[in-house]
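Here is a friendly briefing to read alongside the model. Keep the sequence and the 3D view open as you go.

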Amino acid sequence: MTEVLDVRAVRKARRAELGTFLKSRRAKISPDDVGLPPGPRRRTPGLRREEVAQLSGIGVTWYTWLEQGRQINVSVQVLDAVARTLALDDAERGHLYRLADVPTVPSPHTNTALPAEMQTILDHLTPLPAAVLSAKYDLLAFNESYAALCPGFLLGERNVARRVFLTPQCCNTYKHSWDDLRRMVAYLRGAYAKNLDDPTWQEFIEEMCTASTDFAALWARNDVAVPANRIKQIRNLAIGELEMFITSMSLPAVSGAWVQIYTPTNETQWSQLRKLLAMTPEQQHAPWEEHRRQYHSAAAAG
């Protein structure tokens, strides 16, 4: 019973916050901003409730109840209309949906432009390998340590998921367990649900399911997860296997992106990493090139 009361209290508080938020956004927009005459005796800063309702194409009573925090069911279409009228940005729009108890917050327009300082940050993390990945596991940026540790991810189209599922185990950068693969696909499933309006996501998932039976099987499970901090076995043909902690941190400046930082798990692994980084680029890449010539010559030729 206490739990039920707590849920009701949270919803009541959220609705009250919704009303306060809508009033504050309404007050920021002048009639002139939306092509309305100011009119005489205007005591309300910004737009009146009825003006927001009119511009949003919804009933005045319905909008009033929404702003009063009443327990009403609000559709995505109504919230979209209100968001447009109040000129909400992506962060404000997501906040509106959460306060209105809409289960799925529509994803903002994808932004893949990294902040100018991001590469500098990655470079200063050296000797720790570090990279920025998109929600689709596209490799957006990386430092020299990452390039030395994971050269296989830099081949062709720089997408970690493609390289993990479509590269033969003998030269796959990640020494994966089935649980590792399941977690990766489960994360993609959650990210995909936030990007249903993006046709590139549909193409990506269809391509992966066609190219990899393992991916298709895991996708069919409908599991959902988030990237977790965990130990990963990294296969590097120039130095052998390294055991690394992978620490993941979200990057709010880019929709859905996160930073991955690799840290050796003990002094032995640190020694191996230092040995790898002390090599010239030619020494780092030669074993990989030799392996491809010896075992994957047909693919290399293609």
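The notes below cover the sheet, some backbone details, the nonpolar cores, the cysteines and the salt bridges.

This is a predicted model, in which local features need pLDDT of at least 70 and side-chain atom pairs count only at pLDDT 80 or more, while totals for chains, interfaces and linings use all residues. Residues are numbered from 1 along each chain as its sequence is written, and side-chain values use heavy atoms, with hydrogens and water left out. Helices (H or I, at least four residues) and strands (E, at least two) are DSSP runs, numbered from the N terminus.

- Strand 4 (residues 240–250) and strand 5 (residues 258–264) run antiparallel and are joined by 7 bridges.
- Strand 5 is largely enclosed by the rest of the structure, because 6 of its 7 residues are buried. Buried means under 20% relative accessible area, exposed means over 50%, and partly exposed lies in between (1.4 Å probe, protein chains only).

**Backbone details to look at**

- The peptide bond from Thr 126 to Pro 127 is cis, with omega near 20 degrees. You will find Pro 127 in the loop between helix 6 (118–124) and strand 1.
- Tyr 137, in the loop between strand 1 and strand 2, has a positive phi near 70 degrees although this residue is not glycine. Tyr 137 is buried, at 4% relative accessible area.
- Asn 222 is another non-glycine residue with a positive phi, of about 60 degrees. Asn 222 sits in the loop between helix 11 (213–219) and strand 3 and is partly exposed, at 48% relative accessibility.

**Nonpolar cores**

- A nonpolar core is a set of buried Ala, Val, Leu, Ile, Met, Phe, Trp, Tyr and Cys residues joined through side-chain atoms within 4.5 Å.
- Which members of the largest core touch the most others? Among its 42 residues, they are Tyr 137, Val 160, Phe 165 and Tyr 262.
- Helix 9 (residues 178–193) gives the most to this core, with 7 residues.
- Leaving aside residues up to four places away in sequence, Val 160 touches Leu 133, Tyr 137, Tyr 146, Phe 153, Tyr 174 and Met 184; contact means heavy atoms within 4.5 Å.
- Another core, of 24 residues, lies apart from it and includes Leu 22, Leu 36, Val 52 and Leu 99.

**Cysteines**

- The whole structure holds 0 disulfides, a disulfide being a pair of cysteine sulfur atoms within 2.5 Å.
- Cys 170 is in no disulfide, and its nearest cysteine sulfur, that of Cys 171, is 4.0 Å away. Cys 170 is partly exposed, at 38% relative accessible area, whereas Cys 150 is buried, at 0%.

**Salt bridges**

- There are 15 salt bridges in the structure, each a side-chain nitrogen of Lys or Arg within 4 Å of a carboxyl oxygen of Asp or Glu.
- Arg 25 pairs with Glu 92, with the closest N and O atoms 2.8 Å apart. Arg 25 lies in helix 1 (residues 2–27) and Glu 92 in helix 5 (residues 90–99), so this pair ties together parts 67 residues apart in sequence. Both Arg 25 and Glu 92 are buried.
- Arg 49 and Glu 67 form a salt bridge with closest N and O atoms 2.9 Å apart. Arg 49 is partly exposed, at 25% relative accessibility, while Glu 67 is buried, at 1% relative accessible area.
- Asp 223 and Arg 221 meet in a salt bridge at 2.9 Å, N to O.

Methods: Two strands pair if DSSP finds at least two bridges between them.
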